[in-house]
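Okay, everyone, thanks for coming.

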Amino acid sequence: KPVNLKEIVEEVLDSYRINATKHSFFIEDSTDCYELIGDADKIKQVFNNFISNAVKYSPNGGLIIIRFYEKQGNLFVDIEDEGLGIPEDALSKLFTKFYRVDNSDRRQIGGTGLGLAISKEIVTAHGGGVAVTSALGKGSTFTLSFPLATKKEMRPDKSSEDIDAAVLIVEDDD
Ligand code: ATP
Ligand code: MG
């Protein structure tokens, strides 16, 4: 079933905007197609996990940016925070079940260590991927990618110039 990723993110953000008063949430757009084929509830769970982490591991608040962009038929979503960050040696273990970073700066913050492992499973089941970059003490950026439901050249709402350009790009890639 087609799922609109931006609508899901807006829904998730609505609940955090009310409860997370120390944080501000900002959506950045450089695309206009958000449709992918998948399970809306599971994808909502994924964004709930990433956004709840962004809030939870930014105990002093700050800006949380959700950035959408399209690259080669994939929809990318960055979830960027200004929180505690992640030590470099932990990055490779982050998506493992029950793994939690054991640092004094986050010992008080509760969790089971399952959110990221489950999220990765759901995203890969949708043909997508997850990645993370982080600077300790400065913040983290998690990047999700999903294959788009509609190829650009098939979209009826595009002008013929756009269609030509999209077809050229697609042929370039092969
Ligand atoms: P839960 O199962 O409730 O989600 P959790 O948040 O501890 O528990 P994960 O979401 O899987 O588990 O995250 C694993 C670990 O990665 C966390 O314990 C935390 O240390 C670290 N982490 C995850 N997201 C962030 C983030 N945005 N900033 C800093 N550290 C993070
Ligand atoms: Mg979590």
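Before I talk about the sheet, a word on pairing: I call two strands paired if DSSP finds at least two bridges between them. And keep in mind, this is a predicted model.

So, the sheet. Five strands make an open sheet, and the order is β2-β4-β5-β7-β6, with mixed pairing. The edges are β2, residues 23–29, and β6, residues 129–135, each of which pairs on one side only. On average, neighbouring strands here are turned by 15° against each other, if you ignore direction.

If you want a spot to look at, find phenylalanine 26, which sits opposite isoleucine 65 of β4. Packed on the sheet there's helix α1, residues 5–19, and that helix touches β2, β4, β5 (74–81) and β7 (139–147). The direction of α1 makes about 165° with that of β2.

What about the other edge? β6 and β7 are antiparallel, joined by seven bridges. Here the pair to look for is valine 130, with leucine 144 of β7 opposite. The two strands form a hairpin with three residues between them, and in that turn glycine 137 has a positive phi of about 85°.

Now the helices α2 and α3. α2 covers residues 40–56 and α3 covers 115–125; their axes come within 9 Å and cross at roughly 145°. That crossing is left-handed. From α2, the contact uses Lys42, Gln45, Val46, Asn49, Phe50 and Asn53. From α3, you've got Gly115, Leu116, Ile118, Ser119, Ile122 and Val123. Sort those contact residues by class and you get six nonpolar, five polar and one charged.

Then there's the ligand. Which residues come nearest to ligand 1? Out of 22 residues around ligand 1, those are Tyr57, Val101, Gly111, Gly115 and Leu116.

Notes:
Residues are numbered from 1 along each chain as its sequence is written. Chains are lettered from A and ligands numbered from 1 in the order in which they are written. This is a predicted model: local features need pLDDT of at least 70, side-chain atom pairs count only at pLDDT 80 or more; totals for chains, interfaces and linings use all residues. Axes are lines fitted to C-alpha atoms, for helices over the stretch in contact, and angles run from 0 to 180 degrees between N-to-C directions. Helices (H or I, at least four residues) and strands (E, at least two) are DSSP runs, numbered from the N terminus. A crossing is left-handed if the near helix is turned anticlockwise from the far one by less than a right angle, and right-handed if clockwise. Two residues are in contact if their C-beta atoms, placed from the backbone, lie within 7 Å. Ala, Val, Leu, Ile, Met, Phe, Trp, Tyr, Cys and Pro count as nonpolar, Asp, Glu, Lys and Arg as charged, and the others, Gly among them, as polar. A residue is near a molecule or strand if its C-beta atom, placed from the backbone, lies within 6 Å of it.
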